[in-house]
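This report describes a single protein model for a reader who has the sequence and the coordinates at hand. Please consult both while reading the sections below.

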Amino acid sequence: MEEKYYIGVDLGGTNIKAGMVTTKPKVIVKTSIPTEAEKGPEHVLDRIADAAENVRKRSGLSRDLIGGIGVGSPGTLDIAAGVVLFPPNLTGWRNVPLVEHVAKKCGMQTVLENDANAAAYGEYWAGAAKGAESVVMFTLGTGIGGGIIVNGLLVHGNTDSAGELGHIVIEVDGRECPCGNRGCLERYASANAVAARFAEAVKRGEESMLADKVKAGEPLDAKTIEDAALAGDELSNKIYWETGTYLGIGIVNILHTLNPARVVLGGGLVGAGELLMRPVRETVEKRAIPDTQRNCVICLATLGEDAGLIGAAGCALAAFGTSQS
Ligand SMILES: [Zn+2]
């Protein structure tokens, strides 16, 4: 049997990324095109198919050598039906039959996966969690995404809604969250939350080398606060320490629930490195039941921006791979 290749697509609100991935896995060709979400679902589905065709043609592979296409999509999904139900960052999308459309247009079997799950699967298959069978990934960006793999399988839950790690509750009467709840992890440990909590502290009167910028209404991001922390700014260090502590508490809850071998942290905020990891490790060591943290490695993601498309290709291999042998 000839070796098959898999196409992974990472659908984002701004860009569609696609890659041709071997079973090794290795990305041999990739592309990124604007999503053009404002032109509506039909147009975006065509763009997904175009991106998949683009990498197929550029890799010089005929359709019969492609085992399938995996698409990682944001929002709530019906994975078995291949339907995107309600992605908050793609306006006008309601119950969009993504799999049917892409499979038909490309002439290749297609599978749908949640984008954060796909990123976790990428790290499990090819990145920081390679070799581990039970893995949990937190993607710390503007919000927090999550993906859970137990015994080599992505956990979808009863209604494909498992892995909402940004919305595990870590404060009883905590900060309000757009999900309608209070005290969600993503209101404390996302990149946006770091900036928001920092600005609030300055407005409460705490001192910082960045205070003038906050008072002048300049928007600060997590990276600016990270730089100030590394330059010795006390408040910036305090905010990062608290952030790592909250994240550590979130991780402790996960260790107690799933006892994974690897916890992978990805997304823009992990650029802060040890500034974040020190309080994370200290909190986990202090608070997790010893048996749940024994042999568990908490590490940074290694695939960066490619995690989603590699993982989506891996999901296609998992879905269709057995039919080739
Ligand atoms: Zn929430």
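Is Gly 146 buried or exposed? At 6% relative accessibility, Gly 146 counts as buried, where buried means under 20% relative accessible area, exposed over 50% and partly exposed in between, with a 1.4 Å probe and protein chains only.

## Basis of the model

This is a predicted model, in which local features need pLDDT of at least 70 and side-chain atom pairs count only at pLDDT 80 or more, while totals for chains, interfaces and linings use all residues. Residues are numbered from 1 along each chain as its sequence is written, and side-chain values use heavy atoms, with hydrogens and water left out.

## Surroundings of Gly 146

Gly 146 belongs to strand S9; helices (H or I, at least four residues) and strands (E, at least two) are DSSP runs, numbered from the N terminus. Beyond residues up to four places away in sequence, Gly 146 touches Ala 116, Asn 117, Met 137, Gly 163 and Leu 165, a contact being heavy atoms within 4.5 Å. Between the C-alpha atoms of Gly 146 and Cys 179 the separation is 15 Å, with the two residues 33 apart along the chain.

## Zinc site

Four residues coordinate the zinc ion at 2.0 to 2.3 Å: His 167 through ND1, and Cys 177, Cys 179 and Cys 184 each through SG. Donors are N, O and S atoms within 2.8 Å of the metal (3.2 Å for Na, K and Ca); water is not among the atoms, so sites may look incomplete. The arrangement is tetrahedral because the four donor atoms subtend angles of 105 to 118 degrees around the zinc ion; four donors count as tetrahedral if all angles lie between 85 and 135 degrees.

Along the sequence, the donor residues follow the spacing H-x9-C-x1-C-x4-C. His 167 and Cys 179 both lie in the loop between strand S10 (153–154) and helix H4 (186–189), so the pair ties together parts that are 12 residues apart in sequence. His 167 is partly exposed at 26% relative accessibility, and Cys 179 is likewise partly exposed, at 44%.

## Nonpolar cores

The largest nonpolar core contains 48 residues, and those with the most contacts inside it are Phe 138, Phe 198, Tyr 240, Leu 247, Ile 251 and Leu 265. Such a core is a set of buried Ala, Val, Leu, Ile, Met, Phe, Trp, Tyr and Cys residues joined through side-chain atoms within 4.5 Å. Helix H8 (residues 234–258) gives the most to this core, with 10 residues. A second, separate core of 33 residues includes Leu 11, Ala 49, Ile 69 and Met 108.

Tyr 240 has contacts with Val 194, Ala 222, Ile 225, Glu 226, Leu 269, Ala 272, Leu 275, Leu 276 and Pro 279, not counting residues up to four places away in sequence.

## Buried residues in a strand and in loops

Ser 73 lies in strand S4 (residues 66–73) and is buried, with a relative accessible area of 0%. Leaving aside neighbours within four places in sequence, the contacts of Ser 73 include Leu 11 and Val 84. Trp 93, in the loop between strand S6 (83–86) and helix H2 (98–106), is also buried at 0%. With neighbours within four places set aside, Trp 93 is in contact with residues including Leu 11, Gly 40, Val 84 and Phe 86. The C-alpha atoms of Trp 93 and Ile 249 are 35 Å apart, across 156 residues of the chain.

Ser 134 is placed in the loop between helix H3 (115–126) and strand S8 (135–140) and counts as buried at 14% relative accessibility. Outside four places in sequence, Ser 134 touches Ile 149, Val 150, Asn 151, Pro 260, Ala 261 and Arg 262.

## Backbone features

The peptide bond from Lys 24 to Pro 25 is cis, with omega near 0 degrees. Pro 25 sits in the loop between strand S2 (15–21) and strand S3 (27–34).

Asn 151, a residue other than glycine, has a positive phi near 50 degrees. Asn 151 lies in the loop between strand S9 (144–150) and S10 and is exposed, with a relative accessible area of 59%. Asp 160 has a positive phi of about 55 degrees, although it is not a glycine. Asp 160 is found in the loop between S10 and H4 and counts as partly exposed at 24% relative accessibility.

Key: Four donors count as tetrahedral if all angles lie between 85 and 135 degrees; four count as square planar and six as octahedral if opposite donors are over 155 degrees apart and all others between 65 and 115; anything else is irregular.
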